[in-house]
Amino acid sequence: MRVLGIETSCDETAAAVVESDETGAWRARSSVVASQVAIHREWGGVVPELAARQHLRDICGVVEQSLADADVRWDDIDAIAVTQGPGLVGSLLVGVSFAKAVGAARGIPVLPVHHLAGHIESLALHNGELPYPAIVLVVSGGHTSLYHLPARGVYLLAGRTRDDAAGEAYDKVAKLVGLGYPGGPIVDRRARAGNPHAIAFPVPKLTHDDRNIGPETHLPAGFAQALKRRADFSFSGLKTAVRRHVELATDHGARPLTDAEIDDICASFQRVVIQTLLDRTFRAAEWFDARAIGIAGGVAANSGLRAGAEARGAAVGLPVFVPSVALATDNAAMIAAAGLRRWEAGVRGSALDFNADASLVLQPRG
Ligand code: KG4
Ligand code: ZN
């Protein structure tokens, strides 16, 4: 079984060929990513209209390259998996339209997949099948969500951010202290040189009743009670604390931050982000009797988060799974893997009237 994955939800145009062998194991034969970072850097963030136009320019070449790298032709492709959402609708439309057109022209079934199912399945693609039940933290520029996977291919939302995503907070903090875009990798690097205890930024805690949990959240016995004490993630307060610290430290912009001060801000901010993410993830793992923890999404590339998760996992005897750095940030191999997961579950393609959906909700079966 060979699946072509296509991903255009944000600012990377990506295509990949992933196959499953007789034993059901997955292997990426190719993974091509055309990043638009250089285009958006000038604006300090992704400009949706520019992103959509660049996807249009790149999509044909990226797909052809993914077939060539995999040493396959269209006849060798059994299904096309494409990100249906969530994301920027103009960007999503390019991938969705491309997938439908090739699917119709060549008679290849098309499997629409959810972007976060892709991030989650990057774990099984990189590590092999996880032990279930598992708790997976998806932490990226657009999302910070916890999923409970009672079995392979079943995704139950257990918690999510109330405001900013963790990656977004990284990008904003980088901007506040005058570092480049995207900020995550730069803050990660600078944090290694700084003192993580230099500044006592507040650790976000939501202590009021959760009135906003949403019908799509699946709670086991005892979880709702526990949520009353400690609910979803929140990163906007931490971001504001960093802004206030920078204002005071620079006398409201009267003097620049020194390199050492920037290192300390990055290290202290990162310490709080990692503690917040891991406290909640490991607590959820207890509640759900998880046999494994997974961390996926762009921020899973963070060296401090990886090291912290592994240390905590070792301390409580829980294996921690992360993707490779290339599979952590947006790519199409993970989308092909999510397509393979749907195929395994018996889905044999969609009618071609499905549409890109900017706010698609991940259903329990993908
Ligand atoms: O998954 P992704 O490529 O795109 C989304 O689906 O959002 O994640 C991109 C996010 C950006 O916010 C970027 O700053 C962050 O992941 N990121 C990192 C690191 N590498 C990428 N954040 C912290 N540390 C990193 N090493
Ligand atoms: Zn993503």
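Me: Which spacing do the donors of the zinc ion (ligand 2) follow along the chain?
Reply: This is a predicted model. The protein donors of the zinc ion (ligand 2) are H115, H119 and D330. Along the chain, these donors follow the spacing H-x3-H-x210-D.

Me: Why are H115 and H119 separated by about one helical turn?
Reply: H115 and H119 both belong to helix α4, which covers residues 115-127. They are separated by about one helical turn because, within α4, they are four residues apart.

Me: Is H119 buried or exposed?
Reply: A residue is buried when its relative accessible area is under 20%. H115, with a value of 5%, is buried. The relative accessibility of H119 is 0%, so H119 too counts as buried.

Me: What is the geometry of the site of the zinc ion (ligand 2)?
Reply: The site has four donor atoms, with angles of 95 to 141° among them. Four donors count as tetrahedral if all angles lie between 85 and 135 degrees. The site of the zinc ion (ligand 2) is classed as irregular.

Me: How are α8 and α9 oriented to each other?
Reply: Helix α8 (residues 236-249) and helix α9 (residues 259-287) have axes that come within 11 Å and cross at roughly 160°. The crossing is right-handed. Angles over 145 degrees count as roughly antiparallel. The orientation of α8 and α9 is therefore roughly antiparallel.

Me: Where is R255 placed, and which residues does R255 touch?
Reply: R255 has its place in the loop between α8 and α9. With a relative accessible area of 34%, R255 is partly exposed. Its C-alpha atom is separated by 37 Å from that of D232, 23 residues apart along the chain. Not counting residues up to four places away in sequence, R255 touches A249, T250 and E261.

Me: Which residues does T281 touch, not counting residues up to four places away in sequence?
Reply: T281 lies in helix α9. Its relative accessible area is 0%, so T281 is buried. Leaving aside residues up to four places away in sequence, T281 touches I135, L137, L146 and I293.

Me: At what angle do the axes of helix α5 and helix α6 cross, and which residues make the contact?
Reply: The axes of helix α5 (residues 166-176) and helix α6 (residues 183-193) come within 8 Å and cross at roughly 70°. This makes α5 roughly perpendicular to α6. The crossing is left-handed. In the contact, α5 contributes Y170, D171 and A174, and α6 contributes G183, G184 and V187.

Me: How far apart are the C-alpha atoms of R306 and P150?
Reply: R306 lies in helix α10 (residues 303-316). Not counting residues up to four places away in sequence, R306 touches A300, A301, V322, P323, S324 and V325. R306 and P150 are 156 residues apart along the chain, and the separation of their C-alpha atoms is 23 Å.

Definitions and conventions: Residues numbered from 1 in each chain as written. Chains lettered and ligands numbered in written order. Predicted model: local features only at pLDDT ≥ 70, side-chain atom pairs only at ≥ 80, totals over all residues. Heavy atoms only, no water. Donors = N, O, S within 2.8 Å, 3.2 Å for Na, K, Ca; no water. Tetrahedral: all angles 85-135°; square planar, octahedral: opposite > 155°, others 65-115°. Helix = DSSP H or I, 4+ residues; strand = E, 2+ residues; numbered from the N terminus. Buried < 20%, exposed > 50% of the residue type's maximum accessible area, 1.4 Å probe, protein only. Axes fitted to C-alpha atoms, helices over the stretch in contact; angles between N-to-C directions. Parallel < 35°, antiparallel > 145°, perpendicular 65-115°, else oblique. Left-handed = near helix turned anticlockwise from the far one by under 90°. Contact = heavy atoms within 4.5 Å.
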